[in-house]
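User: I would like to go through the labels attached to this model and see what each one rests on. Please set the values against the cut-offs.

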Amino acid sequence: MKSTPLLAWYRALAIATGCALLIFCGFMIAKYGFGAAKDATMYVAMLHGYLYIGYFVVTFLLGQKLKWPMGRLLFTLAAGCIPFASFVAERRVVREASAAAAPAAPQPVGA
């Protein structure tokens with residue numbers, strides 16, 4: 001697969017969603033562990049939610065385009081809700097897309 005705008009959007013949203021989720025986890029610890037940042041936690045949760053919606057849509061479209069099996073699609077969709085998983089999934093998807101886009105090595109003619 002050639003690098004497409006869909007892959008670029010996937011990369012950006014996977015990283016943004018993962019970062020927002022980690023920040024959200026930190027705010028949840030502050031809220032429930034220390035009783036701090038109660039109001040800010042709601043806004044960080046909303047930010048992660050909006051980013052995840054975009055991540056979900058773009059990941060679904062990318063999975064359809066690349067004809068992923070259902071299990072792969074579900075794991076990649078769920079990665080936006082599991083801390084650090086979106087980073088792992090993003091690297092794997094980009095690596096596989098790059099490998100698919102690389103031209104095959106030419107075979108010698110008289111071999």
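Predicted model: local features only at pLDDT ≥ 70, side-chain atom pairs only at ≥ 80, totals over all residues.

User: Why are H1 and H2 called roughly antiparallel?

Analyst: Helix H1 (residues 5-34) and helix H2 (residues 38-66) pack at an angle of about 150°. Angles over 145 degrees count as roughly antiparallel, so H1 and H2 are given that label. Their axes are 8 Å apart, and H1 passes H2 in a left-handed crossing. Sorted by class, the contact of H1 with H2 has 22 nonpolar, five polar and three charged residues.

User: Why is H1 called roughly antiparallel to H4?

Analyst: The packing angle of H1 and H4 is about 165°, and their axes lie 9 Å apart. The cut-off is again over 145 degrees, and H1 is therefore roughly antiparallel to H4. The crossing of H1 and H4 is left-handed. On the H1 side the contact includes Leu7, Tyr10, Arg11 and Ala14, and on the H4 side it includes Ser86, Phe87, Ala89 and Glu90. The residues of this contact divide into eleven nonpolar, two polar and three charged.

User: How do you know that the span of H1 agrees with its number of residues?

Analyst: H1 has 30 residues, which at 1.5 Å a residue should span 44 Å. The end C-alpha atoms of H1 are 42 Å apart, so the two values agree.

User: What is the corresponding result for H2?

Analyst: H2 has 29 residues and reaches 41 Å from its first C-alpha to its last.

User: Which residues of H1 are buried, and what do they pack against?

Analyst: The buried residues of H1 include Leu7, Tyr10, Leu13, Ala14, Thr17 and Gly18. Further along H1, Ala20, Leu21, Phe24 and Ala30 are buried too. The buried residues of H1 pack against H2, H3 and H4.

User: Which residues of H2 are buried, and what covers them?

Analyst: They are Thr41, Val44, His48, Tyr52, Tyr55, Val58, Thr59, Leu62 and Gly63. What covers them includes H1, helix H3 (70-78) and helix H4 (85-101).

User: Why does threonine 41 count as buried?

Analyst: Threonine 41 lies in helix H2. Its relative accessible area is 3%, and buried means under 20%, so threonine 41 is buried. Leaving aside neighbours within four places in sequence, threonine 41 is in contact with Phe24, Phe27, Met28 and Lys31.

User: Why is alanine 36 called partly exposed?

Analyst: Alanine 36 has a relative accessible area of 34%. Buried requires under 20% and exposed over 50%, so alanine 36 falls in between and is partly exposed. Alanine 36 is in the loop between H1 and H2. Not counting residues up to four places away in sequence, alanine 36 touches Ala30 and Lys31. The C-alpha atoms of alanine 36 and phenylalanine 60 are separated by 36 Å, with the two residues 24 apart along the chain.

User: What makes lysine 67 exposed?

Analyst: The relative accessibility of lysine 67 is 71%, and exposed means over 50%, so lysine 67 counts as exposed. Lysine 67 is in the loop between H2 and H3. It has a positive phi of about 55° although it is not a glycine.

User: How do you know that phenylalanine 84 is exposed?

Analyst: Phenylalanine 84 has a relative accessible area of 53%, which is over the 50% cut-off, so it is exposed. Phenylalanine 84 sits in the loop between H3 and H4. Its phi is near 70°, a positive value in a residue other than glycine.

User: What is the phi of glycine 35, and which helix does it follow?

Analyst: Glycine 35 follows H1, and its phi is positive, near 70°.

Note on methods. Residues numbered from 1 in each chain as written. Heavy atoms only, no water. Axes fitted to C-alpha atoms, helices over the stretch in contact; angles between N-to-C directions. Helix = DSSP H or I, 4+ residues; strand = E, 2+ residues; numbered from the N terminus. Parallel < 35°, antiparallel > 145°, perpendicular 65-115°, else oblique. Left-handed = near helix turned anticlockwise from the far one by under 90°. Nonpolar A, V, L, I, M, F, W, Y, C, P; charged D, E, K, R; others polar. Expected span 1.5 Å × (residues − 1). Buried < 20%, exposed > 50% of the residue type's maximum accessible area, 1.4 Å probe, protein only. Contact = heavy atoms within 4.5 Å.
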